[in-house]
Amino acid sequence: RVLDAHHGSRPEREDLLFNEIFERFRDYQAGSGSAFRAFLELLEPYILADRLPVVPPSVMRHLLDHFEARGWHARIEQVILHSHVATMDIDHVVRLCKAHGLYSALIHVYANGLRDHMTPI
């Protein structure tokens, strides 16, 4: 019941989800990595529904890198727009946004994370 799609609230045990469970999936990726990729993709609906707005930077980095490798740039932008910027690796996110023309996400990061409303213009 850590992640239960039938609940309209946030996951019950984010500590368990982002520590023990995440680490086990990450460590298991030695083979094909499909289980780890599936775990990352399962996070997306919760983030987009604003039920998981705070994701640890290391987990967010894996998620965004996975989406980038798949060419899912629009999905990267949506995840960024639905996440708290304060918990992101800003340099990594800005690089992704600039590299793929994700201007809404770039403005979101600068305005909400850096309190800079001029640079993205």
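Author: Buried denotes under 20% relative accessible area and exposed over 50%, with partly exposed in between (1.4 Å probe, protein chains only). The model discussed here is predicted: local features need pLDDT of at least 70 and side-chain atom pairs count only at pLDDT 80 or more, while totals for chains, interfaces and linings use all residues. Residues are numbered from 1 along each chain as its sequence is written, and side-chain values use heavy atoms, with hydrogens and water left out.

Reader: Which helices do the buried residues of α6 pack against?

Author: Helices (H or I, at least four residues) and strands (E, at least two) are DSSP runs, numbered from the N terminus. Helix α6 covers residues 103-113, and its buried residues are A105, L106, H108, V109, Y110 and A111. These buried residues pack against α4 (73-81) and α5 (90-100).

Reader: How many salt bridges does a search of the whole structure find?

Author: Side chains of opposite charge can pair when their charged atoms come close. A salt bridge requires a side-chain nitrogen of Lys or Arg within 4 Å of a carboxyl oxygen of Asp or Glu. By this criterion, the number found in the whole structure is four.

Reader: How many residues apart are E44 and R75, the pair that links distant parts of the chain?

Author: The side chains of E44 and R75 form a salt bridge with an N to O distance of 2.5 Å. This pair links distant parts of the chain, E44 in helix α2 (residues 34-48) and R75 in helix α4, with a separation of 31 residues.

Reader: Is E44 buried or exposed?

Author: R75, the partner of E44 in the salt bridge, has 28% relative accessibility and so counts as partly exposed. For E44 the relative accessible area is 9%, so this residue is buried.

Reader: In which helix do both D65 and R61 lie?

Author: D65 and R61 form a salt bridge whose closest N and O atoms are 4.0 Å apart. D65 counts as partly exposed because its relative accessibility is 30%, and R61 is partly exposed at 36%. The two residues are four places apart, about one turn of the helix. An α-helix has 3.6 residues a turn, so residues three or four places apart point the same way; the helix that holds both D65 and R61 is α3 (residues 57-70).

Reader: What is the N to O distance where the side chains of E68 and R95 meet?

Author: E68 is partly exposed because its relative accessibility is 23%, and R95 is partly exposed at 41%. Their side chains meet in a salt bridge with an N to O distance of 3.6 Å.

Reader: In which helix is R95, the residue that pairs with E68 across distant parts of the chain?

Author: The salt bridge of E68 and R95 links parts of the chain 27 residues apart. E68 is in helix α3, whereas R95 is in helix α5.

Reader: Which residues do salt bridges that share partners join into one network?

Author: R61 and D65 pair in a salt bridge. Salt bridges that share partners join a network whose members are R61, D65 and D89.

Reader: With which residues is H92 in contact, leaving aside its neighbours within four places in sequence?

Author: H92 lies in helix α5. At a relative accessible area of 4%, H92 is buried. With contact taken as heavy atoms within 4.5 Å, and with neighbours within four places in sequence left aside, the residues that H92 touches are R61, L64 and D65.

Reader: What is the positive phi of D50?

Author: D50 lies in the loop between α2 and α3 and is partly exposed at 46%. Although D50 is not a glycine, its phi is positive, at about 60°.

Reader: Which backbone oxygen does the side chain of R115 reach?

Author: R115 lies in the segment after α6, with a positive phi of about 55°. Its relative accessibility is 62%, so R115 counts as exposed. At 3.1 Å, the side chain of R115 reaches the backbone oxygen of N112.

Note on methods: A polar contact is a pair of N or O atoms within 3.5 Å; within protein, one must be able to donate a hydrogen and the other to accept it, and residues adjacent in sequence count only if both atoms are side-chain atoms.
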